[in-house]
Amino acid sequence: MKHKLWIAVLAMLCALAFVFAGCSDPKGQQEENDQTAPPPSASGQGSALIAYFSCTGNTEGVAELIAEETGGTLWEIVPEVPYTDADLDYSNDDCRANREQNDENARPAIADEVDDMAAYDTVFIGHPIWWGDAPRIIQTFLESYDFSGKEVYTFSTSGSSSGSGAFSALEREYPEIDFAENLHFTSSQLSSAQTRVQNWIEELGIVNDEQANRISFTIGGETDYATLYDNSVARDLVSRLPLTLEFSDYNGTEKIAYLPDGSEDWDLSDAPSSCTPSAGELTMYSPWGNLAIFYRDFRSSNGLVPVGSLDDGGIGLFAAQSGTFTVTIMAA
Ligand SMILES: Cc1cc2nc3c(=O)[nH]c(=O)nc-3n(C[C@H](O)[C@H](O)[C@H](O)COP(=O)(O)O)c2cc1C
């Protein structure tokens, strides 16, 4: 057995880890197989899969943070035969976990299969460190799917060991898989997991689809939201945020505002050239370059590009304004 040193450190740090984990019982004993995550949608949302194996909750906590940050699909690698406390008692050379780690051919079975693995282009795989390596069930997972064309990140947790040995071993064992990076947490680092995960996902440039199409607008201390459509003008608007604009009424039907720099140069490369706006729609009138928020239905208009749709409360908020009023628009 290697890395014996971690055991003493682990004993001191496990209390901290359990604060993060919220439990210390092997999850396999507590939970039914809970593979309830929906398959990814056709819109491309959920194109990241976050698959994780976790017996005492530490890796699971990190997996949840990654799912939150990326908007990806969380999927637990549940062993067909759950690990009991005795199975995880690493002080016993003959416990199941130790026996598996000592047997390079051990491939513990997984209870379920990922729905439509082909739909994911990015896969995060999380695991605890067992004797310096990934548990053998991670190899079962890696050997169950075709990872070609996918970017694979790993994340791991341990008592005190680093995750780099496990990552290099996986890279060596599976040269056909495009392993990009590992993010590792020892138990004393788990309390700062949220910040580290946020920074990591930002560095990787992974965009949370669920958040990317939401904007907020604030008027006189009240904030409401809109969902943007998938077109070039909507993306152009997001690239200009945050914006503080002066809106005023037009025609008793819409509230309009020009960009502060007077720019009318919107990206029309991939956007409809007309629409029939309904109350609650955010649009951009390309001949003048102004944004227009309709609080009443209006007729079909050439040059009017649909940009998004206000949440219900937002329509009332705009309709209630008179004269010129200031609106701050931000990414939500
Ligand atoms: C069989 C076994 C072997 C372990 N080996 C190591 C190790 O080599 N180094 C280490 O720092 N921690 C080791 N640990 C501790 C776990 O890596 C650590 O508690 C991890 O955060 C557990 O993750 P989980 O809660 O997601 O299961 C081991 C734990 C078990 C059960």
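**Exercise 1.** In this predicted model, determine which strands helix 9 lies across, and at about what angle the helix runs to strand 14.

*Solution.* Begin by locating helix 9, which covers residues 232-240.

**Exercise 2.** Work out in what order the eight strands of the closed barrel run, and how its strands pair.

*Solution.* The order around the closed barrel is 6-7-14-11-12-9-8-15, and the pairing is antiparallel. Neighbouring strands of this sheet are turned against each other by 35° on average, with direction ignored. One of the pairs can then be followed in detail: strand 7 (residues 222-228) and strand 14 (residues 304-310) are antiparallel and share three bridges, and T227 has S309 of strand 14 as its bridge partner.

**Exercise 3.** Find how many bridges join strand 8 to strand 15, and how many join strand 8 to strand 9.

*Solution.* On the side of strand 15, five bridges hold the antiparallel pair together with strand 8, and L245 finds its bridge partner there in V327. On the side of strand 9, three bridges link the antiparallel strands, with D249 standing opposite K255. The hairpin formed by strand 8 and strand 9 has three residues between the strands, and in this hairpin N251 adopts a positive phi near 70°.

**Exercise 4.** Explain why helix 3 is largely enclosed by the rest of the structure.

*Solution.* First consider its length: helix 3 has 13 residues and reaches 19 Å from its first C-alpha to its last, close to the 18 Å expected. Then consider burial: eleven of the 13 residues are buried, so the helix is largely enclosed by the rest of the structure. Among the buried residues are N58, T59, G61, L65 and I66. After helix 3 comes G71, with a positive phi near 75°.

**Exercise 5.** Identify which residues come nearest to the ligand, and which element gives the most to its shell.

*Solution.* Of the 27 residues around the ligand, the nearest are S54, T56, N58, T59 and P128. Two or more residues are given to the shell by each of helix 1 (6-21), helix 3 (58-70), helix 4 (96-102) and strand 4 (151-158), and helix 1 gives the most, with four residues. Sorted by class, the shell holds twelve nonpolar, 14 polar and one charged residues.

How values were computed: Residues numbered from 1 in each chain as written. Predicted model: local features only at pLDDT ≥ 70, side-chain atom pairs only at ≥ 80, totals over all residues. Near = placed C-beta within 6 Å. Nonpolar A, V, L, I, M, F, W, Y, C, P; charged D, E, K, R; others polar. Expected span 1.5 Å × (residues − 1). Buried ≥ 20, exposed ≤ 12 C-beta atoms within 10 Å, placed from the backbone. Pairing = 2+ DSSP bridges. Axes fitted to C-alpha atoms, helices over the stretch in contact; angles between N-to-C directions. Contact = placed C-beta atoms within 7 Å.
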